[in-house]
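Hi,

Here is the structure I promised to pass on. Have a look at it first, and my notes follow below.

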Amino acid sequence: MTSKIEESGERPTPVLECRGLAAGYGAVTVVRDLDVRLSAGQVLAVLGPNGAGKTTVMTTLAGLLPRIEGEVVVNGTPLPSARPGAANKAGLVLVADDRALFTSLSVRENLQIAQKSGGPSLEATMEMFPALKKRLKVSAGSISGGEQQMLAVARALVQQPKVLLIDEMSMGLAPVIVEELLPVVRRIADETGAVVVLVEQHVHLALEVADEALVLVHGDVRLQGSAAELAVHPERLEAAYLGEAAAV
Ligand SMILES: Nc1ncnc2c1ncn2[C@@H]1O[C@H](COP(=O)(O)OP(=O)(O)OP(=O)(O)O)[C@@H](O)[C@H]1O
């Protein structure tokens, strides 16, 4: 069905927009000129070699690092720089690469701490993670790495994110576990309408679930476009990783 906005040719207000974002540490700029425009339910894969600036982008979007330049806009409202509380209130939720779980608390308690009034119930959230549902009473420190990652994502979901930022969910996990987890990311975007920004080292798996992708190299966007296009042109990805500028 075609929406009224599509019929009139207007572009819908993006859920997440970054314009001319520059990020870094103190006077040192490590990411430059990042432009992103994502609508509800879209998944962006942020790719690139070690040290490219991917985590810096995520922490800056979440308001944990001050922006050096540029704007971050959520549902049309510009966010103040370096205000993690304001970013969270606007609907940005970061799943950090260290997962930051309360390991001595149970899985259920980790989720209850994060729950928001009016947010989804634990039961509804657990539908996405049947394996975790069986582990609700177990301490978060005793579940497997894959289950801990599920818990970290579930804990973000109970906060009803408009923008879910997931930094390297596959860190330390076997590829077979990553193959199970990444489709859940697609489901989250499809079923909740959240925008998902995903930093991922498993490039081909990430492109399978993403709508858009960008490749950061030394803080510059070397390639940006449709994930499906990139998936069928691995040579463009290779060129970007090797430092040759290209467009999708
Ligand atoms: N706290 C910090 N202070 C100063 N420089 C930092 C800090 N954290 C990261 N950097 C530098 O910023 C650059 C980008 O780092 P970042 O962690 O964002 O890259 P990344 O793409 O996420 O890498 P990886 O894939 O290895 O996690 C690197 O040169 C790094 O040394």
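One thing to keep in mind: this is a predicted model.

Let's start with the overall build. The protein chain has 11 helices and 10 strands. Its radius of gyration is 18 Å, close to the 18 Å that the globule rule gives for 248 residues, so the chain is as compact as a globular protein of that length. The C-alpha trace spans about 50 × 45 × 40 Å along its principal axes, and 39% of the 248 residues are buried. Of the contacts with a separation of 6 or more, 66% are between residues 24 or more positions apart.

Next, the sheet. Six strands make an open, mixed sheet, in the order E6-E7-E8-E3-E9-E10. Its edges are E6 (92–95) and E10 (220–226), each pairing on one side only. On average, neighbouring strands are turned by 15° against each other, direction ignored.

At the E6 end, E6 runs parallel to E7 (residues 163–167), with 4 bridges between them; Val95 has Ile166 in E7 as its bridge partner. Helix H7 (residues 145–157) packs on the sheet there, touching E6 and E7, and its direction makes about 170° with that of E6.

H2 lies across E3, E6, E7, E8 and E9, at about 150° to E7. H2 (residues 54–61) also gives the largest share of the shell around the ligand, 3 residues. That shell includes Tyr25, Val30, Asn50, Lys54, Thr55 and Thr56, and by class it has 3 nonpolar, 6 polar and 1 charged residues.

Cheers

Terms used:
Residues numbered from 1 in each chain as written. Predicted model: local features only at pLDDT ≥ 70, side-chain atom pairs only at ≥ 80, totals over all residues. Helix = DSSP H or I, 4+ residues; strand = E, 2+ residues; numbered from the N terminus. Rg over C-alpha atoms; globule rule 2.2 N^0.38 Å. Buried ≥ 20, exposed ≤ 12 C-beta atoms within 10 Å, placed from the backbone. Contact = placed C-beta atoms within 7 Å. Near = placed C-beta within 6 Å. Nonpolar A, V, L, I, M, F, W, Y, C, P; charged D, E, K, R; others polar. Pairing = 2+ DSSP bridges. Axes fitted to C-alpha atoms, helices over the stretch in contact; angles between N-to-C directions.
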